[in-house]
Amino acid sequence: MALMTGEEYIESIRRINMEIYMFGEKVENPVDNPILRPSLNSVRMTYDLAQDPEHADLMTVTSPFTGSRINRFTHIHQSTEDLKNKVKMQRLCGQKTAACFQRCVGMDAFNAEYSTTYEVDQKYGTNYHENFKKVYDVLSGK
């Protein structure tokens, strides 16, 4: 699967059938809403930077699971170098967006769940880690 562009991200959000209320009123078009759009634009930048040859080495990484190039925001950290690059990537995104770019919590949660499910399975003989990896494969585009 090819890396998603910023425009593809925006269009993927447009296709989701959401029911959103803000300030007590229904938002008919969340993608183009002037209050919500700046957040979408910040997320969009994380996709666009991955497409930019100048930043591709920082914004993308080869997945150890699929061998495909993926956005670093969907990467499970494998080394201290990955953690250093995560911080560099976050700084770049902050410089480019001057805003919260909305994806850090999800990235950190994926990494925490990856190691936690493994440790739980080792201790209790459960299958949480395999189940997590199946969900991760779907969400990371495998």
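Glu11 is partly exposed, with a relative accessible area of 27% (buried means under 20%, exposed over 50% and partly exposed in between, with a 1.4 Å probe and protein chains only). The model is predicted: local features need pLDDT of at least 70 and side-chain atom pairs count only at pLDDT 80 or more, while totals for chains, interfaces and linings use all residues. Residues are numbered from 1 along each chain as its sequence is written, and side-chain values use heavy atoms, with hydrogens and water left out. The count of salt bridges comes to 9 (a side-chain nitrogen of Lys or Arg within 4 Å of a carboxyl oxygen of Asp or Glu).

**Salt bridges within one helix**

- Glu11 pairs with Arg14 in a salt bridge, with 3.3 Å between the closest N and O atoms.
- Arg14 and Glu11 are 3 residues apart in helix α1 (residues 6–14) and are therefore separated by about one helical turn; helices are DSSP runs of H or I with at least four residues, numbered from the N terminus.
- Arg14 is partly exposed, at a relative accessible area of 35%.
- A salt bridge also joins the side chains of Arg44 and Asp48, at 3.3 Å from N to O.
- Both Arg44 and Asp48 belong to helix α2 (residues 37–51), where they lie 4 residues apart, about one turn of the helix.
- Asp48 is partly exposed at 29% relative accessible area, and Arg44 is partly exposed at 21%.

**Salt bridge between helices, and a network**

- Lys86 and Asp108 meet through their side chains in a salt bridge of 2.8 Å, N to O.
- Lys86 lies in helix α4 (residues 80–97) and Asp108 in helix α5, so this pair ties together parts that are 22 residues apart in sequence.
- Lys86 counts as buried, at 15% relative accessibility, whereas Asp108 is partly exposed at 36% relative accessible area.
- One network, joined by salt bridges that share partners, contains Glu11, Arg14, Asp32 and Arg37.

**Packing of α5 against α6**

- Helix α5 (residues 104–124) and helix α6 (residues 128–139) have axes that come within 8 Å and cross at roughly 155°; axes are lines fitted to C-alpha atoms over the stretch in contact, and angles run from 0 to 180 degrees between N-to-C directions.
- The two helices, α5 and α6, are therefore roughly antiparallel to each other (angles over 145 degrees).
- Residues of α5 that meet α6 include Phe110, Tyr114 and Val120, and their counterparts in α6 include Tyr128, Phe132 and Leu139 (contact means heavy atoms within 4.5 Å).
- By class, the contact of α5 with α6 comprises 8 nonpolar, 2 polar and 4 charged residues (Ala, Val, Leu, Ile, Met, Phe, Trp, Tyr, Cys and Pro count as nonpolar, Asp, Glu, Lys and Arg as charged, and the others, Gly among them, as polar).

Key
Angles under 35 degrees count as roughly parallel, over 145 as roughly antiparallel, 65 to 115 as roughly perpendicular and the rest as oblique.
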